[in-house]
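Please consult the sequence and the structure shown below.

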Amino acid sequence: MRFIEMKDLKVPKIYTIKKTDKEILEKWYRLMTIGRAIDEKAPNYLKQAIGWSYHAPYAGHDGIQLALGQVFVQKKDHMFLYYRDMLSAMSAGLTTEEIILNGISKATDPSSGGRHMSNHFAKPEWNIHTMSSVTGNHTLHAVGVARAIKYYGEDAVAFGSLGESSVSEGFVYEAFNGADKEELPVVFVIQDNGYGISVPKKDQTAQRKVANNFSGFKNLRIIHCNGKDVFDSMNAMAEAKKYALEESKPVIVQANCVRMHSHSNSDDHLLYRSESERNYVMEYDPLAKFRRMLLRYERFTEEELQAIEEEARLEIKTAHKAALKAPDPSPDSIFDFVLPEPYPADKYPDGVHDKEGDKKKLITALNETLKAEFRENPDTFMWGQDMANKDKGGIFNVSKGLQQEFGKKRVFNAPIAEDFIMGTANGMSRYNEKIRVVIEGAEFADYFWPAMEQYVETSHDYWRSNGKSSPNVVIRLASGGYIGGGLYHSQNIEGALVSIPGVRIVYPSFADDAAGLLRTAIRSEGPTMFMEPKALYQSPKAATVVPDDFEVPFGKARIRKEGKDLTILTYGNATHLSLDAAKKLEEEGISVEVIDLRSLIPLDEELILESVKKTNKVLVAHEDKVFGGFGGELSALITEKAFEYLDAPVKRVGSTFTPVGFNTILERAILPDMKRIYDAAKDLISY
């Protein structure tokens, strides 16, 4: 028997103009007629200052968008649309009124309650997931949820829809590569209209058909279809879904479309498309072609089609009136759904304990807590780079032994692609609310920058979806210096991360706090950035007694040393330097209070301000750069809320405004040490 390559597989012609039931044809024509009428009406809402400030017309994509929605099964399959997918959303079940509610940003919009840009359609309760405006980035989410579909053995498919130009993005390649490697049931639908806004396809890729760039992928099937033709699109999508289900392998459907109008209402295609080209695409209007076919093959009479069109007009009119009467979002709601309520950590409400026993190193505390939480919740997963190679568990062996105990389906290696690691974690956590994903976001914190696109995406999922979608992800990063690591191995990044709302950020200094914060982070809903000071993994200074059930609430700082003359606010490696400096100052008769923040977002403002009122002088000591570091926010907070209690300006100690050097002599010159903290404290005392 000849081996049949995937490119040789034929697409069965299940749907044709002659064989398809009239009832189905009527449903399709009704959807296409209503969708096109809204598509053409949308710009008028903006002209009348009603809304729809962003509209990307789908005209010319009608066939493939109808087909995508028709093969989707609500509450079973998972779908990730892009901003041109209005008809896809309607075909999947969104009503005319729901589409208009989204367009004019009403509080009852099922996608975001008016929080997201118009033309971004979703209904999370049906598994039509929220997406952002970053074109193609949701392909990673589709891969992540397909991973969950395969793990739990569900008879379902994930769909990811995108334009052909978004295939130029690196994260789209990462999605295709990951789906191919893991053999996941995901269908990527590339709607190819030849343009990325005004950039023609020839400026994007050398291939005339962009899907063929991926023809060398081992497990990935590619299907080409005419996205302007209803029947060719339906047959292609039906076959793609069937193949993904039966083979548990990914499929790309490339649909050849035309863009009949400008990219969006902020674009003018008259500036870059000739009149002949514009006339050409109008001639290929899919709706007009479908209507002609229905008449030519005598499936409908002219009177029957006109009756459907009249019903469509009345439906839009009714939906329009209802949508205009719907409530607008309340300005008071902007603080709702920034972060879900965390796990309460009731056993240790202040995040402190008085247990006695043998001390454990910070790395041991992390490892044992991970194992305990994996035993506690069988829906916990972990992946990253170097996570599971025989006896190795992460670059520093924090996850050592987890794969051996919990198996390769729950703990596994990811490609060296940080965006993929982050994005698929977001996607997998969408499958059900029980899932908790722990990732090593990068080998070192410095390497996390390629994942920032997905980090930002994850940060506003909960807010953007109006509380309907929460990525339950813990991002572990080995952070900081004092190991002679140098560039990309010793930088601190928390100063940049704290400016992005929607993610908790914690930074422990001791083993018990590391265990307690990690337990709380994994059990909580919503994303948490867990910064691990790698210089303390094996340090005796960070070793403590660690209760097996220890929990540390978010937003609870810890007084490491009480004092009355000066407050030092610190975290991470700098906590130990600050304690050493405080001890030396104590010998000189200066009483220093050292507060270990532990949690940066949220922040324990109450304890900070109480200490300021008591000591009247504040030194902020952290490892990150002073300029642009988190200490600037602490200084601003104290100046705004406790200025009258200050006897001196808030002073900061941190790294110099340079990269961290590799040579230990350079590193010591750049990073803060005990002496610099001591000297700064002395200056404040004498102020």
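The following paragraphs describe a helix pair and then a sheet with its packed helices.

The model is predicted. In it, helix α4 (residues 96-103) packs with helix α10 (residues 302-325) at an angle of about 45 degrees, and the two axes lie 9 Å apart. On the α4 side, the contact is made by T96, E97, I100 and L101, while α10 contributes E315, I316, A319, H320, A322 and A323. Sorted by class, the contact of α4 with α10 has 6 nonpolar, 2 polar and 2 charged residues.

The sheet is open and has 5 strands in the order β14-β16-β15-β18-β19, with mixed pairing. Strands β14 (558-561) and β19 (651-655) stand at its edges; each has a single partner strand, so one side of each is left without a neighbour in the sheet. From one strand to the next, the twist averages 25 degrees.

Within the sheet, strands β15 (residues 566-570) and β18 (residues 618-625) run parallel and are joined by 4 bridges. T567 has V618 of β18 as its bridge partner.

| Helix | Strands touched | Angle between directions |
|---|---|---|
| α20 (residues 631-642) | β15, β18 and β19 | about 155 degrees with β18 |
| α22 (residues 674-685) | β15, β18 and β19 | about 170 degrees with β19 |

Definitions and conventions. Residues numbered from 1 in each chain as written. Predicted model: local features only at pLDDT ≥ 70, side-chain atom pairs only at ≥ 80, totals over all residues. Heavy atoms only, no water. Axes fitted to C-alpha atoms, helices over the stretch in contact; angles between N-to-C directions. Helix = DSSP H or I, 4+ residues; strand = E, 2+ residues; numbered from the N terminus. Contact = heavy atoms within 4.5 Å. Nonpolar A, V, L, I, M, F, W, Y, C, P; charged D, E, K, R; others polar. Pairing = 2+ DSSP bridges.
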